[in-house]
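Dear colleague,

Please find below the structure I am handing over to you. My findings follow it.

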Amino acid sequence: MNDKYTTFKAKVGIDEIASYLGYKLDRRAGVGRYIEMCLRDGVGRKTDSIIISHPNDKSSQTYFHRNGSSGGDVISLIKENLNAFGVVGETEYDMIDAVIDKFTGTDYTFKREYDLAKSTSSKIFDASRYVIEPAAEHFDSVMSYFRQRSIDEETVRVFLPWLVRITDTKAEFKYRNLAFPYRQPGSDTIEGCELRGYSGFKMKVEGTNSSTAAWIADFSDGNTESVRNVYFFESGYDAMAFYQVNKSRIDLPTSVFVSTGGSFSNMQIRKVTDYYAHARYWDCFDNDKAGILYGIRMEALLNRVTLNIVSTGEGAIIEHRGIKTVKITNDELSLNRVAGEFHLTRHVSVWKAPKGYKDWNDVTMNKPANTLVQKTKFQRDENLRENRIKRPL
């Protein structure tokens with residue numbers, strides 16, 4: 001790499017360039033080993049979201065867009081937005097050099113919008129602020145949320161013990177929203193919620209512990225030794241839809257359903273897998289590129305292997321401690337491929353939504369994602385191998 005680029009990466013972080021471009025930190029997603037920064041339009045609608053790794057180490061920072069479209073290092077982010085910096089040059093490289101000069105000049109200083117040292121003591125979920133009611137006591141009300149997601153009454157009744165209705169007493173408008181409460185494995189203490197409302201409204205309530213807690217629907221009645229399968233999803237809706245579609249193949253008393261609420265922290269996964277140490281773990285994350293990368297991250301984590309994953313427009317660049325670097329195209333990107341390349345012991349099986357659907361809830365709604373890339377023969381063969389191990393569980 002160009003020495004000038006290397007020096008620049010050590011001085012200027014992706015988060016700082018993103019902030020210059022108008023991205024704002026999403027504190028609800030947590031501030032730890034990863035941060036999320038969002039770009040919004042003039043009326044507050046989110047137009048883009050990027051996940052940044054190693055926020056405390058500028059030279060190691062990488063990012064990817066939540067939609068999986070592209071990513072890389074700080075130079076990649078500059079290239080993506082080259083016309084936003086007010087520089088000129090005859091070539092792309094001239095313009096990148098001009099941007100570097102702009103941000104390393106003595107007259108330019110970044111104002112960071114957050115302090116990691118302070119963030120470690122960020123707000124804690126305050127249950128007293130909310131009216132939290134068991135969903136079972138307001139079944140007709142909560143069903144109104146599930147009907148719009150094509151999740152039926154039978155499924156909702158199965159998951160009722162892990163659903164609540166919540167009202168923020170400090171909010172201007174006292175909406176009663178559906179919530180998937182976050183708890184630590186084996187605990188009854190609510191440490192936040194994955195919140196859902198009408199017209200696609202979703203967020204996590206303030207102070208939600210997304211570092212070590214998650215939505216966990218455990219059907220083992222406290223007998224952790226009996227748990228045989230733990231299914232991981234990006235939302236509670238997806239988990240319930242997955243059950244609805246596949247219930248004839250699922251043995252509930254030995255099953256646990258987990259929602260990480262999107263991108264997960266390492267400790268979220270470790271807490272759950274340590275608690276259910278004898279189970280089989282399933283990657284049921286979304287069927288898009290980001291969802292595939294979540295499964296890869298999870299497998300690497302369970303192998304105690306550090307992989308640096310950079311999402312690009314063409315695929316992903318995956319590196320292991322400078323020992324091995326592999327470039328994989330979007331067509332061939334899969335957990336099986338990465339596990340084979342880096343000799344990972346398989347702890348995670350794959351059970352994603354069928355071809356053409358982004359996630360399991362889209363299956364119940366019969367809402368195919370036309371933008372999904374058609375699977376290659378390589379991916380179809382891998383799916384066949386996975387399906388052969390999906391006998392009744």
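**The five-stranded sheet**

Five strands form an open sheet in the order β1-β2-β3-β4-β5, and their pairing is antiparallel. The edges are taken by β1 (24-25) and β5 (71-72), each of which has a single partner strand, so one side of each is left without a neighbour in the sheet. Please note that the model is a predicted one. Within the sheet, β3 (residues 46-53) pairs with β4 (residues 63-65) in the antiparallel sense over three bridges. Ile51 has Phe64 in β4 as its bridge partner.

**Two helices in contact**

Helix α1 (residues 3-11) packs against helix α4 (residues 92-104) at an angle of about 40°, and their axes are 11 Å apart. The crossing of α1 past α4 is left-handed. From α1, the residues Lys4, Tyr5, Phe8 and Lys11 meet Tyr93, Ile96, Asp97, Ile100, Asp101, Phe103 and Thr104 of α4. Six of the residues in this contact are nonpolar, one is polar and four are charged.

**The nonpolar cores**

The largest nonpolar core has 39 residues, of which Val230, Phe232, Ile296, Met298 and Ile318 touch the most other members. Among the elements that give two or more residues to this core are β12 (229-233), β13 (255-259), α9 (266-275) and α10 (289-302). The most comes from α10, with nine residues. A second, separate core of 37 residues includes Leu163, Ala217, Tyr237 and Tyr243.

As for Val230, leaving aside its neighbours within four places in sequence, this residue is in contact with Val256, Val258, Val272, Tyr276, Ala279, Arg280, Tyr281 and Trp282.

With kind regards

Technical notes. Residues are numbered from 1 along each chain as its sequence is written. This is a predicted model: local features need pLDDT of at least 70, side-chain atom pairs count only at pLDDT 80 or more; totals for chains, interfaces and linings use all residues. Side-chain values use heavy atoms; hydrogens and water are left out. A nonpolar core is a set of buried Ala, Val, Leu, Ile, Met, Phe, Trp, Tyr and Cys residues joined through side-chain atoms within 4.5 Å. Buried means under 20% relative accessible area, exposed over 50%, partly exposed in between (1.4 Å probe, protein chains only). Helices (H or I, at least four residues) and strands (E, at least two) are DSSP runs, numbered from the N terminus. Contact means heavy atoms within 4.5 Å. Axes are lines fitted to C-alpha atoms, for helices over the stretch in contact, and angles run from 0 to 180 degrees between N-to-C directions. A crossing is left-handed if the near helix is turned anticlockwise from the far one by less than a right angle, and right-handed if clockwise. Ala, Val, Leu, Ile, Met, Phe, Trp, Tyr, Cys and Pro count as nonpolar, Asp, Glu, Lys and Arg as charged, and the others, Gly among them, as polar. Two strands pair if DSSP finds at least two bridges between them.
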